[in-house]
Amino acid sequence: MVPRPIGWISSWDEDGGANLAPYSFFNAVSGTPMLVVVSVGQRRGALKDTLVNLRSRGAFCVNVVTEDLIEAMNASSAEVGPEIDEFELAGVGRAVSEVVDAPYVAECRAVFECLVRQEVALEGSTNVLVVGEVVGVRLSESLPMADGTMIVDSEALRPVGRMSGSEYMMPGNVRILPRPG
Ligand SMILES: Cc1cc2nc3c(=O)[nH]c(=O)nc-3n(C[C@H](O)[C@H](O)[C@H](O)COP(=O)(O)O)c2cc1C
């Protein structure tokens, strides 16, 4: 399934430590309410920090990965223990959401602030699917909207998609195709 969006997920742990990691088993799945899903796997049989934090804090932010942040995103995927702050590891600023109990990437120009609504066990898989509701949207004032709409101009945003393994899709030409009928 390529390209896939990348949910760059930030959260607090129980002791107030910050966590940041990319997840490409991720997508938007409902408009009303606005829901996103993320599928968290295991690391050598242990829970990943993101899942532990989402369970204990019930909140997270999704930081949209843009071309300028791709290396920071990759750096934050290092398999490190919960005592390591991946914001520092990735060299990005940490800002604090006023809407949900989670930090977000200060440089990120589009952030979704989410509450955990549901957890779904996936039969036969060790992955766990977490459903989050977007209760806040933070957009940089530098982002233009498409003419006469509230839709962010995607060429200006320059979002990155994940291909297989270490390959990423850089933003290219946008084609506009009106829907039939
Ligand atoms: C682009 C990208 C996408 C990833 N997608 C996923 C994913 O969907 N599910 C998953 O469990 N791990 C995924 N990973 C691996 C996690 O980011 C990695 O295991 C990370 O260390 C988890 O951090 P955490 O323990 O702080 O949550 C991905 C890594 C990269 C670079």
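Reader: In the hairpin of E1 and E2, which residue takes a positive phi?

Author: Helices (H or I, at least four residues) and strands (E, at least two) are DSSP runs, numbered from the N terminus, and two strands pair if DSSP finds at least two bridges between them. In the hairpin of E1 and E2, five residues lie between the strands, and Gly16 takes a positive phi near 90°. The strands themselves, E1 (residues 7-12) and E2, run antiparallel and are joined by six bridges. Ser11 stands opposite Asn19 in E2.

Reader: On what basis do these values stand?

Author: This is a predicted model, in which local features need pLDDT of at least 70 and side-chain atom pairs count only at pLDDT 80 or more, while totals for chains, interfaces and linings use all residues. Residues are numbered from 1 along each chain as its sequence is written, and side-chain values use heavy atoms, with hydrogens and water left out.

Reader: Which other strands pair, and in what sense?

Author: Strand E10 (residues 110-121) pairs with strand E11 (residues 128-139) in the antiparallel sense, over eleven bridges. Within this pairing, Glu119 has Val130 in E11 as its bridge partner. The hairpin of E10 and E11 has six residues between the strands, and there Gly124 takes a positive phi near 80°. E10 is also joined to strand E7 (residues 59-64) by five bridges, again antiparallel. There, Ala59 has Leu115 in E10 as its bridge partner.

Reader: Which residues of helix H1 are buried?

Author: In H1 (residues 49-57), the buried residues are Asp49, Thr50, Leu51, Asn53 and Leu54. Just after H1 comes Gly58, with a positive phi of about 70°.

Reader: In the loop between E7 and H2, is Thr66 buried or exposed?

Author: Thr66, in the loop between E7 and helix H2 (70-75), has a relative accessible area of 2% and is therefore buried. A contact means heavy atoms within 4.5 Å. Leaving aside neighbours within four places in sequence, Thr66 is in contact with Leu157, Arg158, Pro159 and Val160. Asp68 lies in that loop between E7 and H2 as well, but Asp68 is exposed, with a relative accessible area of 57%. The C-alpha atoms of Asp68 and Glu107 are separated by 9.4 Å, although these residues are 39 apart along the chain.

Reader: Which residues other than glycine have a positive phi?

Author: One of them is Arg158, with a positive phi of about 60°. Arg158 lies in the loop between helix H4 (154-157) and strand E12 (161-162) and is partly exposed, with a relative accessible area of 31%. Another is Arg44, whose phi is near 45°. Arg44 is found in the loop between strand E5 (42-43) and strand E6 (46-47), and at 75% relative accessibility it counts as exposed.

Reader: Where are cis peptide bonds found?

Author: The omega angle is the value to inspect. A cis peptide bond joins Val2 and Pro3, with omega about -10°, and Pro3 lies in the segment before E1. The bond from Thr32 to Pro33 is also cis, with omega near -5°, and Pro33 is found in the loop between strand E3 (26-30) and strand E4 (35-40).

Reader: How does the radius of gyration of the protein chain agree with that of a compact globule?

Author: The radius of gyration is taken over C-alpha atoms, and the globule rule is 2.2 Å times the number of residues to the power 0.38. For 181 residues, a compact globule would have a radius near 16 Å, and the protein chain has 16 Å, which agrees. The C-alpha trace spans about 50 × 35 × 30 Å along its principal axes. Of the 181 residues, 41% count as buried. Among contacts between residues at least 6 apart in sequence, 58% join residues at least 24 apart. In total, the secondary structure comes to four helices and 13 strands.

Notes
Buried means under 20% relative accessible area, exposed over 50%, partly exposed in between (1.4 Å probe, protein chains only).
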